[in-house]
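Good morning, colleagues. Please take a moment with the sequence and the model.

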Amino acid sequence: MTSSQTPPQRITKSYVDRLSTPATGQAFVRDTELKGFAVRVTSSGAKSFILEKQIDGKVKRLTLGRYPELTVEQARKEAHKLLGHIAVGRNPAAEKKQEALQGTTLKKAFDDFVKTRKNLKERTLYDYRRLMNVVFTDWQDKAMTSISKDMVSKRHNKIGSERGEAYANLAMRFLRALFNFAIAQYEYGNGHSILRENPVMRLTQTRAWYRVDRRQTVIKPHQLTPWYQAVISLKQDPISSQSALVADYLLFLLFTGLRRQEAATLKWSDIDLDDRSFTLKDTKNREPLTLPLTDFVFNLLQSRKAVENSEYVFAGEGKAGYLIEPRRQVQKIIQLSDVSFTLHDLRRTFITIAESIDISAYALKRLVNHKMTNDVTAGYIVSDVERLRKPMEQISIQLLRYCKVDEEKKILQFPIPRHT
């Protein structure tokens with residue numbers, strides 16, 4: 001940006017009011033009475049007061065404020081005060097930066113966290129934003145330095161009683177990660193962090209984390225028939241095309257064992273119907289995986305392709321483009337079948353059924369994309385699509401039996417009640 005100099009003048013209100021706007025860049029007028037005091041005018045017409053002074057061997061330009069919000073008298077008084085601070089060895093510029101750092105809010109830290117962590121998965125980002133907007137909405141504008149250990153403990157207890165212990169732990173793990181980021185990201189000029197410690201560590205030091213056993217629920221074999229019947233009932237709902245899509249999504253999860261996000265973000269370009277296979281490019285362990293399509297899943301996808309016009313196999317109605325959280329349809333299936341389940345229960349059911357028919361541990365781990373880093377033998381086994389086709393089909397056949405689906409016609413063997 002270009003700048004121009006005007007001969008020094010005694011800066012007064014009337015003089016500042018008469019100052020003309022430069023065609024480009026900015027113009028400076030320095031005061032004849034107070035050395036270093038000046039007014040700056042930009043090509044946009046904005047006028048502000050500045051103070052120029054040598055600090056720590058370098059000339060620093062400090063902005064005092066904009067005119068007319070700050071009067072000439074107020075600006076001159078502020079300049080005198082800062083010159084006094086500089087005279088006794090203080091650095092107003094560094095102090096101003098330090099003050100700004102001290103005021104870093106939780107929202108500012110989160111925004112910087114998202115910008116820095118460029119490889120966050122969309123689902124993870126969605127969960128983090130939901131925590132910020134639901135659990136920590138009243139903390140977003142708080143300075144991180146003002147969030148104490150006691151506040152963390154009380155909020156942890158509050159979330160636990162209102163939303164569940166597992167959710168409380170999840171929220172605090174996210175907050176802990178955010179504070180760890182802030183500790184490393186925001187430092188004073190001397191290299192010291194603005195935060196002395198992570199307040200979430202109080203939960204570890206006092207052993208206050210909730211003990212939440214890992215969920216082990218599955219849909220039991222005898223429950224698969226009513227569950228499947230309820231899903232098909234949803235699929236045949238004449239009112240909502242979205243209900244049919246969700247039904248296919250749930251069946252796809254059960255018969256492939258995929259994680260919900262892996263299935264939801266699957267695109268038609270990831271599916272090869274000629275080769276009867278599909279590829280997961282963005283998996284939890286970040287390793288692409290190609291899997292075979294069983295007869296049942298192949299037929300399901302063919303039917304879905306005939307009625308879809310989205311790039312996503314399971315298109316959603318929201319901004320993301322793919323299906324997010326089909327809570328309403330899941331609740332309806334639970335109501336119709338009297339079988340309580342979560343989306344991840346479908347993955348656990350797939351694995352449980354596979355283990356019950358003695359599918360090779362190596363094949364199963366490959367099918368569900370679990371790493372085998374501690375197994376030396378596994379390192380020598382290459383599982384390609386064709387080698388996985390047989391075990392995948394075996395699991396599918398067993399699921400169909402439990403669902404009481406005719407293996408030849410792939411239809412229910414009993415009438416399905418219609419629900420609206």
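At what angle do helix α5 and helix α7 pack, and how far apart are their axes? This is a predicted model, in which local features need pLDDT of at least 70 and side-chain atom pairs count only at pLDDT 80 or more, while totals for chains, interfaces and linings use all residues. Residues are numbered from 1 along each chain as its sequence is written, and side-chain values use heavy atoms, with hydrogens and water left out.

To the question, then. Helix α5 (residues 122-134) packs against helix α7 (residues 165-185) at an angle of about 100°, and their axes are 11 Å apart. Helices here are DSSP runs of H or I with at least four residues, numbered from the N terminus. Axes are lines fitted to C-alpha atoms over the stretch in contact, and angles run from 0 to 180 degrees between N-to-C directions. The two helices, α5 and α7, are therefore roughly perpendicular, a term that covers 65 to 115 degrees. Tyr128, Leu131 and Met132 of α5 meet Tyr167, Leu170, Ala171, Phe174 and Leu178 of α7, where contact means heavy atoms within 4.5 Å. By class, that contact of α5 with α7 has eight nonpolar, no polar and no charged residues. Nonpolar means Ala, Val, Leu, Ile, Met, Phe, Trp, Tyr, Cys and Pro; charged means Asp, Glu, Lys and Arg; the others, Gly among them, are polar.

I turn now to α10. The axes of helix α10 (residues 241-256) and helix α12 (residues 295-307) come within 10 Å and cross at roughly 155°. That makes α10 roughly antiparallel to α12, the term for angles over 145 degrees. Among the α10 residues that meet α12 are Asp248, Phe252 and Thr256, and the α12 side includes Leu300 and Arg304. The contact of α10 with α12 comprises nine nonpolar, one polar and two charged residues.

Helix α10 also packs with helix α14 (residues 343-356), at an angle of about 30° and with axes 7 Å apart. Here Tyr249, Leu250, Leu253, Leu254, Phe255 and Thr256 in α10 meet Leu343, Leu346, Thr349 and Phe350 in α14. This contact of α10 with α14 divides into eight nonpolar, two polar and no charged residues.

Finally, Thr256 is one of the residues that line the largest cavity, as are Arg259, Glu262 and Arg347. A cavity is a set of points on a 1 Å grid over the protein atoms alone where a 1.4 Å probe fits but cannot get out, and lining residues have an atom within 4 Å of a point. The lining of the largest cavity has five nonpolar, three polar and three charged residues.

Definitions and conventions
Angles under 35 degrees count as roughly parallel, over 145 as roughly antiparallel, 65 to 115 as roughly perpendicular and the rest as oblique. On a 1 Å grid over the protein atoms alone, a cavity is a set of points where a 1.4 Å probe fits but cannot get out, and a pocket is an open set with protein on both sides within 12 Å along at least five of seven lines; lining residues have an atom within 4 Å of a point.
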